[in-house]
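Here is a short briefing for a first look at this protein chain. Start with the sequence and the structure below.

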Amino acid sequence: MNRTKINWPDTLTEKTFKRKYWQKKPVLIRNLFPKEIATNSPVSKQDIIGLSKIESVPTKCVYKRKDWHVKHGPLTKKIVTNLRDANWTILVDKVNTQLSDADRFFHFFNFIDLFSLKDLMVSLSNNGGSVGPHYDSYDVFLVQGHGQKLWQLSSNFDPTLENNPDLKILKTFKAEEEFILNPGDTLYLPPNIAHNGISLKDDSITYSIGFKHPAILELTDKVLFYHMDNISSSQESSLKYFKIKTCRDPLDFSDEMINYFAEKIIKLMPSYEKIKKYVVKTITESDADVVNRIINKDIKFHNFLVHLNKKDIYINPAMKAVFWKDNLFYDGEELDLSALSEREYKVTKTLLKELIENRMIPSGTIIPYFKFKRALKIIFFLYRENLLTFEKLRSHEISHNL
Ligand SMILES: [Fe+2]
């Protein structure tokens with residue numbers, strides 16, 4: 001896993017990708033990851049099978065005998081054994097929130113902003129396994145891990161679906177182009193491109209990194225929620241109803257009164273700057289159940305420093321965090337760093353940047369910063385909030401943590 005990273009080919013830089021293909025048209029990027037991804041994978045076959053057995057992990061198995069079928073997780077041993085004579089694909093959702101290595105791999109894609117980075121789905125198929133031709137409403141990178149897969153694409157297609165409410169498989173599909181993906185090869189698809197992936201080998205693993213822009217109505221709802229939470233109830237006492245003329249006619253409502261309300265309400269609306277802050281808070285929100293899965297040992301600050309010396313420290317994989325306007329925003333919260341000196345602030349930012357981008361800091365590498373106690377106290381605070389941890393999340397340990 002350590003050697004895995006994105007390698008843009010000479011023929012396609014990140015900048016060109018964004019300008020020419022992102023949200024526009026599909027592109028196949030050969031060897032975006034090294035071939036070793038097949039053997040040194042962020043999520044192994046055992047991880048996928050292990051996760052699929054856990055009730056709280058969103059999982060399904062799509063298989064075809066004569067017709068298409070779907071079984072929702074948890075997938076028992078009996079279900080998997082019964083699939084032997086079928087072509088099958090096991091799909092596990094949000095794997096980035098379950099395993100530290102998957103979280104790190106997922107964040108290689110943070111060259112596209114956090115606003116749209118959604119989740120990592122991982123699939124495991126036997127030879128011939130597929131989920132059927134379909135189209136999605138979001139952007140996706142399909143990275144081939146272990147095995148080999150044939151991808152067929154079509155941009156002019158009939159969107160009529162087969163009569164199976166559990167699966168959204170296209171009734172007719174005619175491939176316009178096709179590619180065979182080997183370990184490390186990556187196919188980018190913008191929304192609404194029909195695609196059909198067929199595994200050409202047993203134990204084919206595909207990583208699907210999905211993107212979705214937030215729905216503006218949902219975002220507005222959240223922004224107003226944060227705002228209302230911040231409005232002081234003292235606003236009520238500033239109302240001066242006695243100054244308003246009452247209306248004599250019971251069928252009428254005085255203009256003076258309605259204007260008074262409208263003006264007061266307009267004044268309560270968030271400012272442009274506040275809206276921006278609440279948007280940042282909203283996009284860093286994580287699923288509380290998933291974030292709370294990590295419960296750290298209650299240790300003193302000096303013991304924490306001893307641990308930092310000996311152990312790698314990880315960001316909670318379920319946690320989304322960004323640095324915005326000199327402060328740290330995480331899980332809908334803002335950590336104010338304005339009390340730090342310039343040097344302490346720089347150190348804090350360096351450490352947090354490392355944690356947010358690389359998702360971990362290796363043991364011992366924080367030692368040169370030990371003299372900046374106030375910066376390390378911030379890291380300690382995040383540890384006590386269970387947002388950082390010394391426990392790397394691996395699939396065989398998940399069942400204990402749930
Ligand atoms: Fe898809």
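Of the contacts in the protein chain between residues at least 6 apart in sequence, 79% link residues at least 24 apart. Two residues are in contact if their C-beta atoms, placed from the backbone, lie within 7 Å. This is a predicted model: local features need pLDDT of at least 70, side-chain atom pairs count only at pLDDT 80 or more, and totals for chains, interfaces and linings use all residues. Residues are numbered from 1 along each chain as its sequence is written.

**Overall build**
- The protein chain has 12 helices and 17 strands. These are DSSP runs, numbered from the N terminus: helices are H or I with at least four residues, strands E with at least two.
- The C-alpha trace spans about 80 × 65 × 45 Å along its principal axes.
- The chain has 402 residues, and 31% of them count as buried (20 or more other C-beta atoms within 10 Å of the residue's own, with C-beta atoms placed from the backbone).

**The open sheet**
- An open sheet is formed by 8 strands in the order β1-β9-β6-β11-β5-β4-β2-β3, with antiparallel pairing. Two strands pair if DSSP finds at least two bridges between them.
- At the edges are β1 (27–29) and β3 (68–72), each pairing on one side only.
- Strands β6 (residues 139–144) and β11 (residues 204–211) run antiparallel and are joined by 6 bridges. Leu142 has Ser208 in β11 as its bridge partner.
- Helix α2 (residues 45–52) packs on the sheet and touches β2 (59–64), β4 (87–92), β5 (117–125) and β11.

**Nonpolar cores**
- The largest nonpolar core has 41 residues. Such a core is a set of buried Ala, Val, Leu, Ile, Met, Phe, Trp, Tyr and Cys residues joined through C-beta atoms within 7 Å.
- Its largest share, 4 residues, comes from β4.
- Ile48, Ile90, Val92, Val95, Ala102, Leu120 and Val122 touch the most other members.
- Beyond its neighbours within four places in sequence, Val95 contacts Val43, Leu51, Ala102, Leu120, Met121 and Val122.
- Another core of 29 residues lies apart from it, with Val291, Ala318, Tyr330 and Leu387 among its members.

**A helix pair**
- Helices α5 (residues 216–230) and α7 (residues 272–283) pack at an angle of about 110 degrees, their axes 9 Å apart. Axes are lines fitted to C-alpha atoms, for helices over the stretch in contact, and angles run from 0 to 180 degrees between N-to-C directions.
- So α5 is roughly perpendicular to α7 (the term covers 65 to 115 degrees).
- In α5, Leu219, Lys222, Val223, Tyr226 and His227 meet Lys274, Ile275, Tyr278, Val279, Lys281 and Thr282 in α7.

Conventions. A residue is buried if 20 or more other C-beta atoms lie within 10 Å of its own, exposed if 12 or fewer, and partly exposed in between; C-beta atoms are placed from the backbone. Angles under 35 degrees count as roughly parallel, over 145 as roughly antiparallel, 65 to 115 as roughly perpendicular and the rest as oblique.
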